[in-house]
Amino acid sequence: MKLITVAGPPSSGKTSVIINVIEHLKLRGLNAGVVKFDCLTSFDQERYSENHIPVEVGFSGKVCPDHFFISNIEEALMWGRGSEFDLLISESAGLCNRCSPHIKDILSICVIDNLSGVNTPRKIGPMLKFADIVVVTKGDIVSQAEREVFKFNIRQVNGKARIISVNGITGQGTFMLSKHFENALDIDTLNDMRLRFTTPASICSYCTGETRIGPAYQMGMMKKMEFKK
Amino acid sequence: MKTKKELIRTETIDEIIENYPIAKDFFMNINLTDLPKNKTLEEALMTVSDVYFEEFGMERHWILYQFALFLDTFDQSSETVSGIDSITICGGHDKSGNPENIDLVISKGEIISIVGPTGSGKSRLLGDIECVAQNDTPTGRTILINGEIVSDDERFETEGKLVAQLSQNMNFVMDLSVKEFLEMHARSRFTKDPSVITTCFECANDLAGEKFSFHTKLTQLSGGQSRALMIADTAFMSTSPIVLIDEIENAGIDRKRAIKLLARNEKITLISTHDPLLALSADKRIVIKNGGIHKVITTTDIEKESLYSVEKLDQTLLTLRNQLRNGQLIYPIG
Ligand SMILES: Nc1nc2c(ncn2[C@@H]2O[C@H](COP(=O)(O)OP(=O)(O)OP(=O)(O)O)[C@@H](O)[C@H]2O)c(=O)[nH]1
Ligand SMILES: [Mg+2]
């Protein structure tokens, strides 16, 4: 089975893109399922189900979403193999710019949208930097020139990725993207494979439920800002 | 020529920035703007504390490698596809499976309009062109470039660089003045000749009915002014050899001149439209029906003659619009 990780900021168009890609894959007789990793809530399961795409959803709740992802992805893979999918696609919302679920050798996709601001690609971090393919959505509502500048800014942080413009609503552009999905690596297990980037470290009192403010309650790994006089 | 690796090893950051101004951006992107620039990057990185590298998940040699990659990326203008003189649309079939039976060659400088009811399959045709379909999309069409079949590798390579698109729904969303915007676009295109900015600006002003200045904010432009700027920008700055225009009839610009401008700049221009003025200005028109190409009509001489009356009608409407705008009374026409 092939695994593809799809990540991107909230509402960037991940679900729309995945649904359109799966349409193309179905036409070629391929069977795909989706596992969605989110933080508190998600409306995606209904959309996948409406499109007859098998889906499982997991919520990280109070745990760092990246840590949650990496500690559950192998089980997700087992679910996918048990369901006899040809492809398993993971969708995860990058909730902080430090997030990145990408795994070495596994086709890694980052979805961002043209409306998020021209300099956004330069701020997103590893989720974009380490992606094999960057999918850019919502080009239908901005000018060609802005799309070109946006692309240029993606190149600035990731010179190697393929950049594919997709219209998440009409599906334009997803045909070529589906070819990349089809060519992704086949794997049986993720055991012993590696993340492309370290996950954010967080082992402090606030991670374990502390809500009070002040130095007396701050324990574990803390990071302090330095303010100028 | 030195390789980028050698360049980085032997030259100071200042020297590199001198030759590659874009290099500055690299240091902004990795949040290292106050490196000592009179040293080589390797030396400069020795002045940065280990804490930084841990914190941002980077290592010194990784930054060196990334910097070489960055300079390489922006050295070859990899966003450009050149040498496309024609495309050929080889027929597939419509929604019911009836064959299209056409082989339409479109050369650069040609204008083709696409007509047909909404939902008839115009966007599928545009999609086929964009991905250079090879009898593998639902329409079964094949698109040839310079008369030749295109491999998957070449398709991946040209992806997103072939086609510039312009439609009624597109707006400017950047918070920049017209001048800042054109400069930014020129920079991202590594345009060497700064006069292109003025050319774009003047041409856009020519196409738009109402004038705007270099200092006007993009978001304050009227619909017509935005469209005019988009067209001028596409004609002079975009490198995509194919331009797809989707319904610009109500844009309030000189449409005929706009498409002539694109054609003059050696673009292959396709316009999806129901506007008689635009459709008749094209060399040919593709009629779409039931998801397929129903036929291709070459604009006849008689049609070209009637274009003259269409232009007069259009002019009359424009005059009326301007009279309304200026608070004048409208008198019986003709
Ligand atoms: N105009 C336009 N809208 C789009 C495009 N792609 C997605 N959208 C819209 O953007 C909204 C968000 O899309 P989703 O696919 O749900 O985004 P997502 O990234 O899966 O969102 P979360 O999973 O909630 O983080 C929806 O209303 C889509 O219809 C596009 O290319 N153009
Ligand atoms: Mg989603």
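D152(B) and K179(A) form a salt bridge in which the closest N and O atoms are 2.9 Å apart. D152(B) belongs to helix α8 (residues 152-158) of chain B and K179(A) to helix α7 of chain A, so the pair joins two chains. A salt bridge here is a side-chain nitrogen of Lys or Arg within 4 Å of a carboxyl oxygen of Asp or Glu. Helices (H or I, at least four residues) and strands (E, at least two) are DSSP runs, numbered from the N terminus.

The model is predicted: local features need pLDDT of at least 70, side-chain atom pairs count only at pLDDT 80 or more, and totals for chains, interfaces and linings use all residues. Residues are numbered from 1 along each chain as its sequence is written, chains are lettered from A and ligands numbered from 1 in the order in which they are written, and side-chain values use heavy atoms, with hydrogens and water left out.

### Salt bridges

D152(B) is partly exposed, with a relative accessible area of 32%, whereas K179(A) is buried at 14%. Buried means under 20% relative accessible area, exposed over 50%, and partly exposed in between (1.4 Å probe, protein chains only). Over all chains the count comes to 26 salt bridges.

| Pair | N to O distance |
|---|---|
| D152(B) and K179(A) | 2.9 Å |
| D128(B) and R141(B) | 2.9 Å |
| R255(B) and D314(B) | 3.3 Å |

The side chains of D128(B) and R141(B) meet in a salt bridge within chain B. This pair links distant parts of the chain, with D128(B) in helix α7 (residues 122-130) and R141(B) in the loop between α7 and β4 (142-145), 13 residues apart. Both D128(B) and R141(B) are buried.

R255(B) and D314(B) also form a salt bridge. Here the partners are 59 residues apart, R255(B) in helix α12 (residues 255-264) and D314(B) in helix α14 (residues 301-325) of chain B. R255(B) is buried, with a relative accessible area of 10%, while D314(B) is partly exposed at 23%. In chain A, salt bridges that share partners join K36(A), D38(A), D44(A) and E91(A) into one network.

### The contact between chain A and chain B

The contact takes 37 residues from chain A and 50 residues from chain B, where contact means heavy atoms within 4.5 Å. Chain A and chain B bury about 3,600 Å² between them, 55% of it on carbon and sulfur atoms. Buried area is the accessible area (1.4 Å probe) that two parts lose on being put together, summed over both.

Three salt bridges are counted between chain A and chain B, including that of K179(A) with D152(B). The interface also has 16 residue pairs in polar contact, both residues at pLDDT 80 or more. A polar contact is a pair of N or O atoms within 3.5 Å; within protein, one must be able to donate a hydrogen and the other to accept it, and residues adjacent in sequence count only if both atoms are side-chain atoms.

On the side of chain A that touches chain B, the elements giving two or more residues are α6 (144-157), β7 (162-165) and α7 (174-182) of chain A. The most come from α6(A), with 11 residues. By class, this side has 15 nonpolar, nine polar and 13 charged residues. Ala, Val, Leu, Ile, Met, Phe, Trp, Tyr, Cys and Pro count as nonpolar, Asp, Glu, Lys and Arg as charged, and the others, Gly among them, as polar.

T15(A) lies in helix α1 (residues 14-27) and D44(A) in helix α2 (residues 44-50) of chain A, 29 residues apart. Both T15(A) and D44(A) are buried.

### Chain B

Chain B has 14 helices and nine strands. Its C-alpha trace spans about 80 × 55 × 35 Å along the principal axes. Of the 334 residues in chain B, 51% are buried. Among contacts in chain B between residues at least 6 apart in sequence, 66% join residues at least 24 apart.

T273(B) is placed in the loop between β7 (268-272) and α13 (276-281) of chain B. At 0% relative accessibility, T273(B) counts as buried. A polar atom of the T273(B) side chain lies 2.9 Å from the backbone nitrogen of D275(B).
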